[in-house]
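The sequence and the structure are shown first, and a description follows.

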Amino acid sequence: MSSDSDEARTVTRHDGGPAAGSVGTEPGGAFAGPGAENGSPAGTTGVTGGAGTLAEAAGRRRPNRPDLVRPFDHDRVARAVRELLIGIGEDPDREGLRKTPDRVARAYQEAVEGLGRDPAEVLTTVFDEGHDEMVLVRDIDFSSLCEHHLVVFAGKAHVAYIPNEKGQITGLSKLARLVDLYARRPQVQERLTSQVADALVDVLDPRGVMVVVEAEHLCMSMRGVRKPGATTVTSAVRGQFLSPATRSEGMSLIMRGR
């Protein structure tokens, strides 16, 4: 996605480090639905004002959000795994595989638990601190499920934002939870990067956002081209991070100490 207010970039490297160069772009559309996260620390306030509640504001800004997500069907997944074992020539009733369908179903339920979750439910907590400088949480570990091959890609996300005009900040853990929310579903890295950035813009209304994601994809390491160690780096910048100076500052903080 590229416009006056946002930009997304993708580059694949073999040295594992973020890069500023661009070799492609991909639009990012938020996929969100009903969901909830319980608990907010005392002494916090919600973002309301003229826009209404967080959920209402986010809903208006993401008109393509589906209202319903099919619930996870454990038994159906287990039956499918059993058929897969038969299809590859294995005996699903032998000792080592007898409980595999159930184990895989439970693993997939955990891997896709972000489906249908609304980012507004994660970013419910803000603090009125009057802060007007960059906030960065880097090296957020994540794992996701490549939607093309249903194998894992995993790595680190770096999330930075410049608070809104009121100087409101969100809890640092909320940024990590937001990454997990979008990672735990069938996904592509380019969309994951843009979705995290867009959710922050939609819900917190910050003056700028930058998200950088670097990951190794097993679909590229264990099959096909078979290049273990190759790292894909994607970035999405919004608002004030479109300024080369601000973007450079953010990237220097991400790269510091490496």
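## The largest pocket

The lining of the largest pocket comprises 15 nonpolar residues, one polar residue and four charged residues. The model described here is a predicted one. The space within the largest pocket amounts to about 660 Å³. Its lining consists of 20 residues, of which Phe-72, Asp-73, Val-77, Tyr-108 and Val-112 are the closest to the centre.

Two helices, H2 (74-87) and H3 (100-111), each contribute at least two residues to the lining of the largest pocket. Helix H2 gives the most, with six residues.

## Overall architecture

The protein contains eight helices and eight strands. It has 258 residues, and 42% of them count as buried. Among contacts in the protein with a separation of 6 or more, 74% are between residues 24 or more positions apart.

## Helix H5

Helix H5 is formed by twelve residues, 172-183. At 1.5 Å a residue, a helix of this length should span 16 Å, and the end C-alpha atoms of H5 are 17 Å apart, which agrees with that expectation.

The buried residues of H5 are Lys-174, Leu-175, Leu-178, Val-179, Leu-181, Tyr-182 and Ala-183. They pack against two helices, H4 (119-122) and H6 (189-204). The buried residues of H5 also pack against the strands S3 (135-146), S4 (152-162), S5 (168-170) and S6 (186-187).

## Helix H6 and Gln-189

Helix H6 has 16 residues and should span 22 Å at 1.5 Å a residue; its end C-alpha atoms lie 23 Å apart, in agreement with this value. Because 13 of its 16 residues are buried, H6 is largely enclosed by the rest of the structure. Asp-205 follows H6 and has a positive phi, near 55 degrees.

Gln-189 lies in H6. Is Gln-189 buried or exposed? Its relative accessible area is 1%, which is under the 20% cut-off, so Gln-189 is buried. The side chain of Gln-189 makes a polar contact of 3.1 Å with the side chain of Thr-234. Leaving aside neighbours within four places in sequence, Gln-189 is in contact with Phe-153, Val-213, Glu-214, Ala-215, His-217, Thr-232, Val-233 and Thr-234.

## Val-152 in strand S4

Val-152 is part of strand S4. With a relative accessible area of 35%, Val-152 is partly exposed. When residues up to four places away in sequence are not counted, Val-152 touches Ser-143, Ser-144, Leu-145, Glu-216, His-217 and Leu-218.

One of these residues, Glu-216, is 64 residues away from Val-152 along the chain. The C-alpha atoms of Val-152 and Glu-216 are separated by 8.7 Å.

## Glu-133 in a loop

Glu-133 belongs to the loop between strand S2 (126-128) and strand S3. Glu-133 is partly exposed, and its relative accessible area is 48%. Not counting residues up to four places away in sequence, Glu-133 touches Tyr-161, Ile-162 and Pro-163.

How many residues along the chain lie between the positions of Glu-133 and Asn-164, and what separates their C-alpha atoms? The two are 31 residues apart along the chain, and their C-alpha atoms are separated by 10.0 Å.

Terms used: Residues numbered from 1 in each chain as written. Predicted model: local features only at pLDDT ≥ 70, side-chain atom pairs only at ≥ 80, totals over all residues. Heavy atoms only, no water. Helix = DSSP H or I, 4+ residues; strand = E, 2+ residues; numbered from the N terminus. Expected span 1.5 Å × (residues − 1). Buried < 20%, exposed > 50% of the residue type's maximum accessible area, 1.4 Å probe, protein only. Contact = heavy atoms within 4.5 Å. 1 Å grid on protein atoms, 1.4 Å probe; cavity = no way out; pocket = protein on both sides within 12 Å on 5 of 7 lines; lining within 4 Å. Points joined across faces, edges and corners; volume = space filled by probe spheres on them. Nonpolar A, V, L, I, M, F, W, Y, C, P; charged D, E, K, R; others polar. Polar contact = N/O pair within 3.5 Å; in protein donor to acceptor, adjacent residues only side chain to side chain.
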